[in-house]
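This report covers the contacts between two chains, followed by selected features within each chain. The sequence and structure are shown first.

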Amino acid sequence: MSRTAEVDLNVVDWLNNVIAEHGSTPSALIPVLQEVQKKHNYLPEELLTYIATALNLSPATVYGVATFYAQFSLDPKGKYIIKVCDGTACHVRGSLPIYEAIRKRVKLVDGKATTDDGLFSVETVSCLGACGLAPVITINDQVYGQVTPEAIDLIIDVLEKREGM
Amino acid sequence: MIRNLEQLLAVKEKYNKAMKKQTSSLLLCAGTGCMANGAEQVYNALKDELAKRDVLVTVDYLLEDGCGGITTTTTGCHGFCEMGPLVRVEPTGTLYVKVKPEDAAEIVEATVNNQVVERLLYRHPNTGEVYQRESEIPFYKYQTRVALANCGEINPEDIRNYIAHDGYQGLEKALRLSPQEVVQMINDSNLRGRGGGGFPAGRKWAIAAAQESDKKYIICNGDEGDPGAFMDRSVMEGDPHRIIEAMAIAGYAIGADEGYIYVRAEYPLAVQRLRTAIKQAQEYGLLGKDIFGSGFNFELKIKEGAGAFVCGEESALIASIEGERGMPRPKPPFPAVSGLWDKPTIINNVETLANVPEIIRKGVDWFKSIGAVKSPGTKTFALTGEVANTGLIEVPMGTTMRHVVFEIGGGVRQNKKFKAVQIGGPSGGCLVEEHFDLPLDFDSLQAAGAMVGSGGLVVMDENTCIVEIARFFMNFTQNESCGKCVLCREGTRRMLEILQKIVEGRGTEEDLDLLEEIGESVQIGSLCGLGKTAPNPVLTTLKYFREEYLAHVVEKRCPAGVCQALKRITIVADLCKGCSRCARVCPVGAIEGEIKNPFVINQEKCIKCGACIESCKFNAIVEVS
Ligand SMILES: Cc1cc2nc3c(=O)[nH]c(=O)nc-3n(C[C@H](O)[C@H](O)[C@H](O)COP(=O)(O)O)c2cc1C
Ligand code: SF4
Ligand code: FES
């Protein structure tokens, strides 16, 4: 009990700082949610309620915004977030086989987006703005261009090795 | 602090004079594309090699009376992303492509000795010709760069470099004119919005300028939602000061003292470069209070998007800055009358703004001498897909598609057969061979049922399935519909379902008529541009490629051989020895026949797993489409 309370207090302290930085007006909502998303890789429900109170908004408003934008996730995401670009340029150069290859390589089944060990999340995005290099993927903001299903194996091997797997 | 023209020009002269004192400089592209291909390692390797030979100097050293040596500078995107990392040697203009860190020693050696590393020069993929200078390569030779003029030329993180390229002179001049005169200049130039609509920027500015209000805003739309376009990103990353200068000019013209740059969530590097640029501009007194001693104040803030295509629409973008769900609002009132926090607000696209400083500095006549009569100036296009030279280009408005795809783009990859160009992204349409000589400008494209849109230009060859592409775009818009309007929300969903049915081989001829009918209703019954244009890709492809749709629904055949469900696996009777091996491996028992006689596949049962193809020792089983 005492330990969780301590952790929560730290988070609340941090959150108070973030809110103070952006000002407690409704227009601060999206930047604050972005910071929470960045820190936790998702939006924990209890923090949403806290933010609503702090910004003088209804929890429904906060929930509405949190579910509108693709950047926000209400479920925890993996340590490595792999985004496969499925913009037009990447699509015509074969992004879907890449997507399938990654899912297969990290053993994602049944439409799940995150591996059970919490290591990888795999999602598609529309255009990363590097279309000249199609097909493109990013792993935690690192961009990889002209990827092939074979290159995927190498990239994931490196990450797994780093995680001691 | 720069307070007047004299001081501004002094910074420019000093910089340019200092740069002349070096023997050569190496310009390294550090756009997103080249960075992904290892530009940073190349940069470090070049610096190491230069240092080893004791010829490495910095810009600051040259500015402080140093002399000789070679600088290396990282620049924004040169546009030729596929060939990256790119290194250009000045003053010779030699371009090295696909440079690896291991090549650094050779490049430095050659540069010091006034030689060229032949093997790193660009070779045209279709003709095999080799080019030394960047300016001679067809990809660059036929371009006219205005918005992208500095991208790849200057270090985006050094304001002095921007000033040395005549930066902030437009703002200085504007502040000596009256706000009305500035609006008039933009109006006279007939600069039209590059964000898709082509609405004259001057008209919008005039409306906002005419409003009485204690507060007004300028917003730069850097949301760049079209999946397949990246010009706005290149400008924000490669020439951020140009946006700052333009927004200050716009602010002065309409009487706004505050601006927002709304940047797409996926563009972290653009955000970082803009932040640096804003800070430098403040330090130089080019943002903040009493700019150029004119009494004009202007501040800029950056807003990061949170991932929603519809937020590129101006009223949705405003809602998003205000902290709400990014849903479009009915117009009027237009933002120029009542926008951000109900104050008069101008929203312009990044590329539109990128033209503004030069229009002010060089004048209206200069601008109008470029491009088409009704659409003056240039347009950038993101050239992608099955084209030999992918990348970012800028050409005068009204350049023909033939010129763009075949001269600059180098034609279709691997000399395959051209099929179509999809222009304008999910709101646009497709153009075919009969449009080769169509001038690419707002009005001509509109007349052909397509649109300039953001300028995404995706080349498709014979191996691209048009129906699948239409399904792809519909999937995108359906996903991104904000759900406010019933016809957009439900109509796009129904259209997607039908297209899905067709690519899976379950479509009928009536479905094609139904697509047209729903499409037209969605166009009429939607509030914002997303819904109004969502059916375009389907409707234009139905017009130009009806045959291909018919092949899918009547013959259950995909001529491009893309649609998996329409593939058929058959046994070539002449090659089949009747060994029965395939019948034994087929997991669903779809293969029948008598030993020593050709076997056949029951198409009803076949699941197209391909197991039989692999098992056949006589290569008698093939996939046909
Ligand atoms: C669904 C939708 C998405 C849009 N996306 C963008 C965008 O990403 N960037 C942009 O500049 N304009 C976009 N627009 C157009 C803007 O609403 C607006 O017209 C434009 O920013 C005005 O600037 P301009 O006149 O300089 O082109 C979009 C419009 C719609 C309907
Ligand atoms: S047309 Fe579509 S995206 Fe636009 S407001 Fe209506 S539902 Fe939303
Ligand atoms: S389409 Fe993939 S980066 Fe643009």
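## Salt bridge and polar contacts between the chains

In this predicted model, one salt bridge is counted between chain B and chain A. A salt bridge is taken here as a side-chain nitrogen of Lys or Arg within 4 Å of a carboxyl oxygen of Asp or Glu. A:R93 and B:E82 form this bridge, with their closest N and O atoms 3.8 Å apart. Between chain B and chain A there are also 16 residue pairs in polar contact, both residues at pLDDT 80 or more. A polar contact is a pair of N or O atoms within 3.5 Å; within protein, one atom must be able to donate a hydrogen and the other to accept it, and residues adjacent in sequence count only if both atoms are side-chain atoms.

On the side of chain B that touches chain A, the elements giving two or more residues are α2 (32–36), β10 (296–304), α14 (314–321), β12 (378–385) and α19 (466–480) of chain B. Helices (H or I, at least four residues) and strands (E, at least two) are DSSP runs, numbered from the N terminus. The largest share, six residues, comes from α19(B). By class, this side of chain B has 22 nonpolar, 13 polar and 14 charged residues. Ala, Val, Leu, Ile, Met, Phe, Trp, Tyr, Cys and Pro count as nonpolar, Asp, Glu, Lys and Arg as charged, and the others, Gly among them, as polar.

## Extent of the interface

Contact, meaning heavy atoms within 4.5 Å, involves 49 residues of chain B and 34 residues of chain A. The area buried between chain B and chain A is about 3100 Å², and carbon and sulfur atoms give 57% of that area. Buried area is the accessible area (1.4 Å probe) that two parts lose on being put together, summed over both. B:A306, B:R325 and B:F472 supply 18% of the area that chain B buries against chain A, more than any other three residues.

## Chain A

Chain A has seven helices and four strands, in the sequence pattern α-α-α-α-β-α-α-β-β-β-α. The C-alpha trace of chain A spans about 50 × 35 × 30 Å along its principal axes.

Over all chains, the structure holds 54 salt bridges. One of them joins A:R105 and A:D157, with the closest N and O atoms 2.5 Å apart. This pair links distant parts of the chain, 52 residues apart: A:R105 lies in helix α6 (residues 95–105) of chain A and A:D157 in helix α7 (residues 149–162) of chain A.

Helix α8 (residues 169–176) and helix α12 (residues 240–254) of chain B pack at an angle of about 10 degrees, with their axes 9 Å apart. The two helices are therefore roughly parallel, a term for angles under 35 degrees. Axes are lines fitted to C-alpha atoms, for helices over the stretch in contact, and angles run from 0 to 180 degrees between N-to-C directions. In α8(B), B:Q169, B:G170, B:L171, B:A174 and B:L175 meet B:E245, B:A248, B:I249 and B:Y252 of α12(B). This contact has six nonpolar, two polar and one charged residues.

B:Y168, in the loop between α7 (159–164) and α8 of chain B, has a positive phi near 65 degrees although the residue is not glycine. The peptide bond from B:K331 to B:P332 is cis, with omega near -5 degrees, and a cis peptide bond with omega of about 5 degrees joins B:P332 and B:P333. B:P332 lies in the loop between α14 and β11 (345–349) of chain B.

## Basis of the values

Residues are numbered from 1 along each chain as its sequence is written, and chains are lettered from A and ligands numbered from 1 in the order in which they are written. Local features need pLDDT of at least 70, side-chain atom pairs count only at pLDDT 80 or more, and totals for chains, interfaces and linings use all residues, while side-chain values use heavy atoms, with hydrogens and water left out.

Technical notes
Parallel < 35°, antiparallel > 145°, perpendicular 65-115°, else oblique.
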